[in-house]
Amino acid sequence: MAGAVHAAVNKVPSLTDRLGSDGHLKISTESIIAEEPDVVLGLPDGVSREALSAVGIPVLNEPSFCPEGIENPGYETIYEQMRLYGKVFDRRDKAEQAVRDLQKRIQTVQAGLPDQKGRKVAVLWPYRGEGTVGAYGGQSMATPQLKTLGARNVFADTDKRVFEVSMEELLGRDPDTIILLHTDGTQQEIKQALLDIPGAKDLRAVKDDAIHVQLFNFTEPPTLLVLDGLERLATYFKGE
């Protein structure tokens, strides 16, 4: 299935390969209009909903990808995402079947996972080269993802999506396991970014080598990839 998806995506022509200073793709409104799309997904910098609406092109902006995130994310967020696309593309029945398939995947993970006995987990983003680390709190998808696995996000009581946390605070939360999120670099590079922070080697999870490196989109934001991440975390927990 994954191979078929990749093949289909590779056939889609690219309209731009220009990157801005922020690393995001740059494209002009004129380039989009020239393609006469039925709908535009997302709004690149410099492109407005009003400009596209003026020529009859609707825009669907996925809330999960907004910088501020969404309030109280969870699996229902993902289900509603599927139903939204089912409505937009007139595939409601397929969308409902997709939701049922996702629910079955979650049930399968839970049925095959040993009791985690209240495992305490910190989900972190090491700021490489800066000597600091971000933690994912109660408004991140990390919290419901871990709850599904029978584990607890040690920062679930912080009403934020992600925030910078001191090593002293992290030591005080004393996680059994640390999950490190990233978008590039090797697993060892990501681990080293944490280990380079003074005090990190005193963390129990570091002493026990209970560190799992996972691609960012397998935990954040709430999309279908979270289910892939859930299955990978379950495999990691079972294999310890």
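These legends describe close-up views of one predicted model. Local features need pLDDT of at least 70 and side-chain atom pairs count only at pLDDT 80 or more, whereas totals for chains, interfaces and linings use all residues. Residues are numbered from 1 along each chain as its sequence is written, and side-chain values use heavy atoms, with hydrogens and water left out.

View 1. Ser 140 is found in the loop between strand S4 (132–136) and helix H6 (142–148). Helices (H or I, at least four residues) and strands (E, at least two) are DSSP runs, numbered from the N terminus. With a relative accessible area of 0%, Ser 140 is buried; buried means under 20%, exposed over 50%, and partly exposed in between (1.4 Å probe, protein chains only). The side chain of Ser 140 reaches the backbone oxygen of Gly 137 at 2.8 Å. Beyond its neighbours within four places in sequence, Ser 140 is in contact with Pro 73, Asn 153, Lys 160, Arg 161 and Glu 220, where contact means heavy atoms within 4.5 Å.

View 2. The side chains of Arg 83 and Glu 80 meet in a salt bridge, at 2.9 Å from N to O. The term stands for a side-chain nitrogen of Lys or Arg within 4 Å of a carboxyl oxygen of Asp or Glu. Arg 83 and Glu 80 are separated by about one helical turn because they are three residues apart in helix H4. Arg 83 is partly exposed at 25% relative accessibility, and Glu 80 is partly exposed at 41%.

View 3. In the salt bridge of Asp 228 with Arg 105, the closest N and O atoms are 2.7 Å apart. This pair links distant parts of the chain, with Asp 228 in helix H10 (residues 225–239) and Arg 105 in helix H5 (residues 92–111), 123 residues apart.

View 4. Arg 128 and Asp 184 form a salt bridge through their side chains (3.1 Å, N to O). Arg 128 lies in the loop between strand S3 (120–127) and S4, and Asp 184 in the loop between strand S7 (177–182) and helix H8 (187–195), so the pair ties together parts that are 56 residues apart in sequence. Arg 128 is partly exposed, at 40% relative accessibility. Elsewhere, salt bridges that share partners join Glu 76, Glu 80, Arg 83 and Glu 96 into one network. The whole structure has 13 salt bridges.

**View 5. Aromatic pairs.** The structure holds five aromatic pairs. Rings of Phe, Tyr and Trp (its six-membered ring) pair if their centres lie within 6.5 Å; planes under 30 degrees apart count as stacked, over 60 as edge-to-face and the rest as tilted. Trp 125 and Phe 216 form an edge-to-face pair, 5.8 Å centre to centre with 90° between the planes. Trp 125 is in strand S3 and Phe 216 in the loop between strand S8 (211–215) and H10, 91 residues apart. Phe 216 is buried at 15% relative accessible area. Ring pairs link Trp 125, Tyr 136 and Phe 216 into a cluster.

Definitions and conventions
A polar contact is a pair of N or O atoms within 3.5 Å; within protein, one must be able to donate a hydrogen and the other to accept it, and residues adjacent in sequence count only if both atoms are side-chain atoms.
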